[in-house]
Amino acid sequence: MEKLIPRHDEILKELNEKGHVLVQDLCERFNVSSVTIRKDLNYLESLGLLFRNHGGASKQVRYAYEKNVGEKENINVEAKQAIAKAALPLIQENDCIILASGTTMHYLARMLVGFGPLTVLTSSLRVAIELCSNPNINIIQLGGEVRKSSTSIVGSISEGILKQFSCNKLFLGVDGIDPEFGISTSNAAEAHLNQIMIECADQTVILADSSKLNKKGFGKIAGLDKIDYLITDAGISNEDRVILEEAGVNVMT
């Protein structure tokens with residue numbers, strides 16, 4: 001390990017406590033220029049101690065990479081289940097809703113046992129199967145190309161079908177939520193389908209645990225101005241909550 005100066009140690013200590021740091025805050029704390037702080041952060045990144053991002057640095061890599069749905073099912077399970085449960089009060093009888101793909105949507109579908117009457121339009125094969133046991137839910141399964149890694153439907157056929165409907169709410173999982181880039185996913189085809197889902201819904205509800213905050217996926221879905229609600233876990237920082245709420249997002253934990 002390279003020898004670090006006291007300021008570097010203090011930066012890393014704050015990073016461990018908060019999960020991320022801002023150049024402006026570090027300048028004020030240490031009474032040095034932004035050039036100096038950026039050099040510090042670049043140096044610490046070269047040692048593999050942090051990841052640089054716009055305006056600061058974080059403990060985790062800023063880019064989200066695609067994972068198989070089987071792998072995702074074992075990540076942050078308790079948080080995803082709690083987030084899905086928190087979404088239930090937003091669903092009313094006789095609603096027409098869209099459930100996109102993702103493991104959190106699978107949990108939400110399981111929790112709709114005994115709920116209804118309800119119409120659910122979904123791109124997820126697993127969500128549709130989960131809902132088949134409920135006689136009070138009318139299921140509309142999008143057709144088209146099957147993405148085996150996510151067990152979901154994408155492509156022009158599904159997009160054409162989707163445009164024929166208008167729904168009350170969209171429940172959407174994402175791979176990244178970034179103040180500037182917006183919401184995103186790691187697959188371009190899913191991102192494009194999600195864009196159309198937003199156009200077809202009166203309200204958009206994002207279900208994402210706090211590990212998705214300050215990350216970007218390859219495919220941009222929309223800016224923060226298109227989000228009505230974000231349901232996340234208690235790991236969200238006060239700073240991130242303020243940024244999202246100032247952008248007009250109702251944050252629920």
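Trainee: Which helix do Lys18 and Glu14 both lie in, and how many residues apart are they?
Mentor: Both sit in helix α1, four residues apart, which is about one turn of the helix. Helices here are DSSP runs of H or I with at least four residues, strands are E runs of at least two, and both are numbered from the N terminus. Before we go on, this is a predicted model, where local features need pLDDT of at least 70, side-chain atom pairs count only at pLDDT 80 or more, and totals for chains, interfaces and linings use all residues. Residues are numbered from 1 along each chain as its sequence is written, and side-chain values use heavy atoms, with hydrogens and water left out.

Trainee: OK. What do Lys18 and Glu14 form?
Mentor: A salt bridge, with the closest N and O atoms 3.1 Å apart. The term means a side-chain nitrogen of Lys or Arg within 4 Å of a carboxyl oxygen of Asp or Glu.

Trainee: And is Glu14 buried or exposed?
Mentor: Glu14 counts as buried because its relative accessible area is 10%. Buried means under 20%, exposed over 50%, and partly exposed is in between (1.4 Å probe, protein chains only).

Trainee: Which residues are linked with Glu14 and Lys18 in a network?
Mentor: Glu10 and Arg29 join them, and the links are salt bridges.

Trainee: How many salt bridges does a search of the whole structure find?
Mentor: Eight. One of them pairs Asp40 with Arg7, at 2.6 Å from N to O. Those two come from distant parts of the chain: Asp40 belongs to helix α3 and Arg7 to helix α1 (residues 6-18), 33 residues apart.

Trainee: How do those two compare on accessibility? Asp40, buried or exposed?
Mentor: Asp40 is buried, at 6% relative accessibility. Arg7 has a relative accessible area of 21%, so it counts as partly exposed.

Trainee: What about Lys169, which side chain does it meet?
Mentor: That would be Asp95, in a salt bridge of 3.8 Å, N to O. Lys169 is in strand β9 and Asp95 is in the loop between α5 (77-87) and β4 (96-99), so the pair ties together parts that are 74 residues apart in sequence. Both ends are tucked away: Lys169 is buried at 11% relative accessible area, and Asp95 is buried at 9%.

Trainee: Switching topic. Which residues have the most contacts inside the largest nonpolar core?
Mentor: Leu162, Ile177, Ile183, Ile206 and Leu244, in a core of 30 residues. At least two residues each are supplied by β9 (167-172), α9 (188-200), β12 (201-207) and β13 (219-222). The largest share is from α9, with six residues. A core here is a set of buried Ala, Val, Leu, Ile, Met, Phe, Trp, Tyr and Cys residues joined through side-chain atoms within 4.5 Å.

Trainee: Which residues does Ile206 touch?
Mentor: Not counting residues up to four places away in sequence, Ile206 touches Leu172, Val174, Ile177, Ile183, Ile227, Tyr229, Leu230 and Ile231. Contact means heavy atoms within 4.5 Å.

Trainee: Where is Ser123 placed?
Mentor: In the loop between β5 (118-122) and α7 (125-131). Ser123 counts as buried because its relative accessibility is 2%. Beyond its neighbours within four places in sequence, its contacts are Leu99, Ala100, Ser101, Gln141, Leu142, Thr151, Ser152, Ile153, Leu193 and Met197.

Trainee: Backbone next. What is phi of Thr151?
Mentor: About 45°, a positive value although Thr151 is not a glycine. Thr151 is in the loop between β7 (145-147) and β8 (152-154). Asn31 also has a positive phi, near 55°, and is likewise a residue other than glycine. Asn31 is in the loop between α2 (23-30) and α3 (34-46), and it counts as exposed at 69% relative accessibility.

Trainee: Why flag those?
Mentor: Because most residues other than glycine have a negative phi, and most peptide bonds are trans.

Trainee: Last one: which domains does the assignment give?
Mentor: Domain 1 covers 6-58 and domain 2 covers 69-251, with bounds taken from an automatic or database domain assignment. Their C-alpha centres lie 34 Å apart.
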